[in-house]
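Biologist: I am new to this structure. Please take one part and go through it closely.

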2 protein chains.
Amino acid sequence: MNGEYDFNREVSDKYSLRGRVFHKIRNDILNGRYKEHEELKEIRIGKELGVSRTPVREALRQLELEGLVQIIPNRGAFVTGIQENDVRDIYAIRALLEGLCARWATERITAEQLEAMEENVYLAEFHAGKGHMEQMAELDNQFHHILYDACGSKMLEHQLIDYHSYVMRIRRKTLSTIERSTASNKEHRAIMEAIRAGKADLAERLASEHMKNAYENMVKNRLYDIYKKDMED
Amino acid sequence: MNGEYDFNREVSDKYSLRGRVFHKIRNDILNGRYKEHEELKEIRIGKELGVSRTPVREALRQLELEGLVQIIPNRGAFVTGIQENDVRDIYAIRALLEGLCARWATERITAEQLEAMEENVYLAEFHAGKGHMEQMAELDNQFHHILYDACGSKMLEHQLIDYHSYVMRIRRKTLSTIERSTASNKEHRAIMEAIRAGKADLAERLASEHMKNAYENMVKNRLYDIYKKDMED
DNA sequence: TCTTGCATAATTGTATACATTTAATGCAAT
DNA sequence: ATTGCATTAAATGTATACAATTATGCAAGA
């Protein structure tokens with residue numbers, strides 16, 4: 001009888017056809033199956049997944065939302081090209097927003113979230129000692145998502161997740177040196193301890209610098225160029 | 001023979017059916033024709049515009065991109081609700097990003113863009129003297145778009161335009177006091193002069209404070225609440 | 001050899017039909 | 001009057017057919 005609905009709840013949408021198609025294409029882009037500027041043809045993808053063009057079209061239009069796909073009218077959908085300038089800009093933006101996120105997290109984090117963060121840091125240090133690069137990358141992603149969740153702002157969280165997935169294609173490669181991973185762990189621990197101690201200014205500064213360091217490391221190692229060349233085969 | 005295409009060019013898409021539907025619904029939301037949480041039914045909109053459901057569906061999915069519409073699987077598309085928390089968060093985010101934008105604009109603005117900005121400031125002061133509120137609002141929008149364009153970053157520009165349209169529904173109301181408009185003009189002039197003088201730090205600080213002032217003014221006047229009540233009729 | 005033009009094929013854009021899911025309705029039982 | 005359930009209606013999800021647009025191939029001519 002009542003028209004109530006919780007508009008704030010998260011909708012997974014993983015079980016509709018469009019949802020499945022969406023996640024499939026998304027993963028394929030993030031994992032590097034598709035090259036930059038590669039055309040994503042509706043018929044081919046539909047045939048591959050055993051669905052018609054309709055859900056594929058809609059999935060592509062939703063992927064444009066995340067910036068992973070660009071749609072040109074009457075031409076088609078293309079994997080977004082990663083310009084070096086864009087990467088630089090995104091890291092600059094993230095440096096500010098992750099800082100803000102850490103500040104708000106300091107003020108609003110719950111006991112459970114803090115515990116999850118602590119567990120993440122410990123686990124990451126464990127795997128760093130063993131040289132488990134795969135787990136490290138996953139834990140790094142997880143750390144940031146915990147942080148996003150803890151800031152208590154749907155707007156900011158959504159924004160940061162978008163950027164995060166946008167650069168994940170690159171980050172997968174850049175994090176894969178044991179030196180940077182170890183340094184990154186230390187920075188995560190510092191951020192976590194600042195949040196736990198309630199030092200908002202410090203947490204903000206540390207999270208911001210964490211981004212800048214990640215970017216500088218990437219540039220220093222020129223891994224982005226290697227990735228780009230790798231994609232052009 | 002060549003598969004060349006400038007992926008950086010802007011696509012207007014105003015001449016396809018989906019494009020027309022998109023802009024129609026978007027304007028209706030921004031102008032307050034639809035209430036918050038109002039359901040946007042595909043058939044009704046299609047009938048109103050004389051098109052089938054398909055372009056309407058795709059337009060709605062693109063509007064989700066701008067955050068103006070929320071789609072719930074198997075339920076429908078709804079006008080996004082503006083939570084007070086969201087407004088607060090967006091202004092906090094914009095305070096940082098407009099600052100960054102002003103900083104980059106200081107370093108990269110062209111002579112033409114600077115001239116456009118100067119003209120805008122002069123015009124705004126003229127209309128403020130005459131009490132032309134309608135033109136003031138338009139010029140305010142224009143000032144920020146010039147600034148976004150001048151920062152030389154497609155990523156940042158796109159981001160700021162998104163937020164800008166998201167809060168435009170509210171801003172239309174909040175700017176409509178002559179006191180705030182006059183103060184806003186002064187702030188615009190100060191930002192413009194800092195950019196012209198090449199003072200990046202100052203420009204960043206001023207642009208950031210400009211946002212904080214706009215938000216505080218809004219809260220002070222409780223115009224947001226008035227707007228909300230207005231929408232519930 | 002290079003360009004131009006046209007015919008053809010391939011692809012996206014839109015409309016429509018059908019399937020599935022959700023909401024609304026009505027009515028009987030309590 | 002209210003609850004519960006079955007039925008009906010209505011809306012979205014998906015598939016498919018057709019229209020419009022764009023890409024491709026090839027032949028004719030400079």
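Modeller: In this predicted model, a side-chain N or O atom of R57(B) lies 2.6 Å from a phosphate oxygen of DNA strand D. That is a polar contact, a pair of N or O atoms within 3.5 Å; within protein, one must be able to donate a hydrogen and the other to accept it, and residues adjacent in sequence count only if both atoms are side-chain atoms. R75(A) also reaches a phosphate oxygen of DNA strand D, with a polar side-chain atom at 2.6 Å. R53(B) meets a base instead: a side-chain N or O atom is 3.0 Å from a base nitrogen of DNA strand D.

Now the wider surface. A residue is near the strand if one of its heavy atoms lies within 4 Å of it. There are 21 residues around DNA strand D, and L17(A), S52(A), T54(A), R75(A) and R57(B) come nearest. Nine are charged (Asp, Glu, Lys and Arg). Six are nonpolar (Ala, Val, Leu, Ile, Met, Phe, Trp, Tyr, Cys and Pro) and six are polar (the others, Gly among them).

Helices (DSSP runs of H or I, at least four residues, numbered from the N terminus) contribute from both chains. Chain A has helix 1 (17-30) and helix 3 (53-66), and chain B has helix 2 (42-49) and helix 3 (53-66); each supplies at least two residues of this surface.

A note on method: residues are numbered from 1 along each chain, and chains are lettered from A and ligands numbered from 1, in the order written. Local features need pLDDT of at least 70 and side-chain atom pairs 80 or more, while totals for chains, interfaces and linings use all residues; side-chain values use heavy atoms, without hydrogens and water.
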